[in-house]
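Hi,

Here is the structure I promised to pass on.

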Amino acid sequence: MRTEHFVLLLIGSLSAIVTFLLQFKYKQSAVRASALVGVLSGGFVFLFPNLLPSYFSHHLPLVCFGASFIGMVSSSVTKSYWVISISGVIFTVLYLNTSTYFTGFGGGLGSAACIALLVTLAIPIVVNKGNITNGFLQLKRLISKQNFKK
C-alpha cells in the first residue's frame, strides 16, 4: 500500500466522522453537514493548489465529499463512530479501485458511499451466523414498519 493511499483512507474515515459529528453534535442538517465538508475540502485545494502534491489535489476533494455522504446516515440506523469510520475506509477503497468504472456514471460517489455503508452494516449479520444481531434486528424492524404502514 502506498503512503498516499493510506492518507486517503484516513481522510475518508475522518470526513465521514466529521460529517456525522456536524449533523448530530452541532445540530446541522445532513445536507448542510455534507456540503460543509465538501466545500471546505474543495476550497482548501482550490485556494492552496501548490501546497499539496498533484495526486492529493485531484483525489482529496472527491474522497472528502464522497465519504461525507456516509456521515449523512440517520441516527436510527447507526450511532456508532466505529461503523461510520470503517464505512469511510471502505468507501475510499471502493473509490480507489472502482473510480474508473464510474466514469460518466452520475452518482458514482453516492453509490460507492451507499455500498460502503451497507457492507459495514452487514458485517455483524455475516460474522455471527445464526445469532440475531443488532443489524438483523434493525432490518427486521424496518421491514415490520413497512408492513405495518400498509
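Let me begin with a pair of helices: α1 crosses α3 in a right-handed sense. Please keep in mind that this is a predicted model. Helix α1 covers residues 3-24 and helix α3 covers residues 54-68. Their axes come within 8 Å and cross at roughly 35 degrees.

On the α1 side, the contact is made by Glu4, His5, Val7, Leu8, Ile11, Gly12, Ser15, Ala16 and Thr19. From α3 come Tyr55, Phe56, His59, Leu60, Val63, Cys64, Ala67 and Ser68. Sorted by type, the residues of this contact are 10 nonpolar, six polar and one charged.

Glu4 turns up again in the charge pairing. The structure holds one salt bridge, and it joins arginine 2 to glutamate 4, with the closest N and O atoms 3.3 Å apart. Side chains of opposite charge can pair when their charged atoms come close.

Cys64, one of the α3 residues in the helix contact, brings me to the cysteines. How many disulfides does a search of the whole structure find? The count is zero. Cysteine 64 is buried, with a relative accessible area of 7%, whereas cysteine 114 is partly exposed at 42%.

Best wishes

Methods
Residues numbered from 1 in each chain as written. Predicted model: local features only at pLDDT ≥ 70, side-chain atom pairs only at ≥ 80, totals over all residues. Heavy atoms only, no water. Axes fitted to C-alpha atoms, helices over the stretch in contact; angles between N-to-C directions. Helix = DSSP H or I, 4+ residues; strand = E, 2+ residues; numbered from the N terminus. Left-handed = near helix turned anticlockwise from the far one by under 90°. Contact = heavy atoms within 4.5 Å. Nonpolar A, V, L, I, M, F, W, Y, C, P; charged D, E, K, R; others polar. Disulfide = S-S within 2.5 Å. Buried < 20%, exposed > 50% of the residue type's maximum accessible area, 1.4 Å probe, protein only. Salt bridge = Lys/Arg side-chain N within 4 Å of Asp/Glu carboxyl O.
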